[in-house]
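Subject: Structure handover

Dear colleague,

I am passing the structure below on to you. My notes on it follow.

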Amino acid sequence: MAIVESTMEVTGRLGEFVYYRRKGTDKIIMRRCNGPSKERIKTDGKFARTRENNAEFKACNLFAAAVRRPMIAFRQIADPNYTGRLVKLAKEIQLRDAERPRGERGVCLSANKALLRGFNFNKEHPFDSLLQHPVTASANRAAGTVMLSFPAIMPDINLSLPWKLPFYRFVVYLAMVGDIVYRKELFEPVVAPAWDRKVSEWQHRDARAEGFELQLSLDVPVLADASLIVAVGIEMGMPDGSGELKGRKYAGGAKVLEVF
């Protein structure tokens with residue numbers, strides 16, 4: 001890397017060098033280009049496999065975004081890098097597509113639901129390590145509804161919270177996510193995502209609580225090539241200066257409970 005000291009204001013590629021500005025300095029940075037140009041990758045037959053890999057990687061990113069977007073509140077409690085694990089899982093699903101040629105293989109969750117079931121948004125504190133008795137879910141796809149049943153909570157018996165925060169609550173999602181397919185020379189989801197979210201009442205970590213149910217529902221039809229993802233999480237919290245309970249970032253855990 002070199003810094004351009006002259007009055008030259010050019011930015012962009014010039015021959016084998018690239019000139020650009022970088023945040024934190026008003027200087028123009030110059031560096032030598034390494035590897036083939038974007039244009040060569042797009043047109044040279046030698047890079048046909050690279051183009052196929054790049055196209056399929058975009059499909060995996062689309063899948064990860066389709067799962068992540070409806071569950072936006074899980075960003076409060078999920079690991080910062082869980083998106084990379086979603087992309088890796090999408091690639092595993094994509095490799096099972098034996099119908100389409102390389103470069104056009106989709107991410108068909110509707111045919112591979114078991115691969116996403118049980119996905120944890122947290123590695124250090126997975127959901128099942130926090131609540132040992134299972135949460136169950138039953139779905140009515142035709143109606144677009146899901147009922148979740150939570151067990152009675154018994155601190156230090158079936159509830160283990162490693163954070164020194166006094167309150168917790170459950171956060172649940174129902175999300176409709178469509179398969180990612182290749183159409184008209186690009187990848188796209190077959191349906192727009194739709195979702196519902198519910199939260200339980202805040203509970204003190206040392207208090208016992210009765211079992212309860214939460215129902216989630218969608219207001220759009222559920223198509224055949226769409227999947228219903230049910231996810232559940234625990235969010236830790238404490239009162240702020242005004243006494244209102246607020247969740248604390250990265251204190252909690254969540255997982256995909258079921259895929260219908």
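In the largest nonpolar core, which has 34 residues, Leu 148 and Ile 234 touch the most other members. A nonpolar core here is a set of buried Ala, Val, Leu, Ile, Met, Phe, Trp, Tyr and Cys residues joined through side-chain atoms within 4.5 Å; buried means under 20% relative accessible area, exposed over 50%, and partly exposed in between (1.4 Å probe, protein chains only). Two or more residues each come from helix H5 (127-130) and from strands S6 (145-150), S7 (167-178), S12 (212-217), S13 (226-239) and S14 (245-259). S13 gives the most, with six residues. Helices (H or I, at least four residues) and strands (E, at least two) are DSSP runs, numbered from the N terminus.

This is a predicted model: local features need pLDDT of at least 70 and side-chain atom pairs count only at pLDDT 80 or more, while totals for chains, interfaces and linings use all residues. Residues are numbered from 1 along each chain as its sequence is written, and side-chain values use heavy atoms, with hydrogens and water left out.

Leaving aside neighbours within four places in sequence, the contacts of Ile 234 (heavy atoms within 4.5 Å) include Ile 77, Phe 127, Leu 130, Tyr 168, Phe 170 and Ala 251. Another core, of 32 residues, lies apart from the largest one and has Val 67, Ala 90, Ala 175 and Ala 231 among its members.

Next, the sheet. Three strands form an open sheet in the order S5-S6-S12, with antiparallel pairing; two strands pair if DSSP finds at least two bridges between them. S5 (136-140) and S12 are the edge strands, each with a single partner, so one side of each has no neighbour in the sheet. S5 and S6 are joined by five bridges, and Thr 136 has Ser 149 in S6 as its bridge partner.

Last, two residues that touch. Glu 56 lies in helix H2 (48-68) and is buried, with a relative accessible area of 0%. The side chain of Glu 56 reaches the backbone nitrogen of Gly 103 at 2.7 Å, within the polar contact limit of 3.5 Å between N or O atoms (within protein, one able to donate a hydrogen and the other to accept it; residues adjacent in sequence count only if both atoms are side-chain atoms). Arg 102 sits in the loop between helices H3 (82-94) and H4 (113-116) and is partly exposed, at 38%. Beyond four places in sequence, Arg 102 contacts Arg 49, Glu 52, Asn 53 and Glu 56. Arg 102 and Glu 52 are 50 residues apart in sequence, yet their C-alpha atoms are 6.4 Å apart.

Regards
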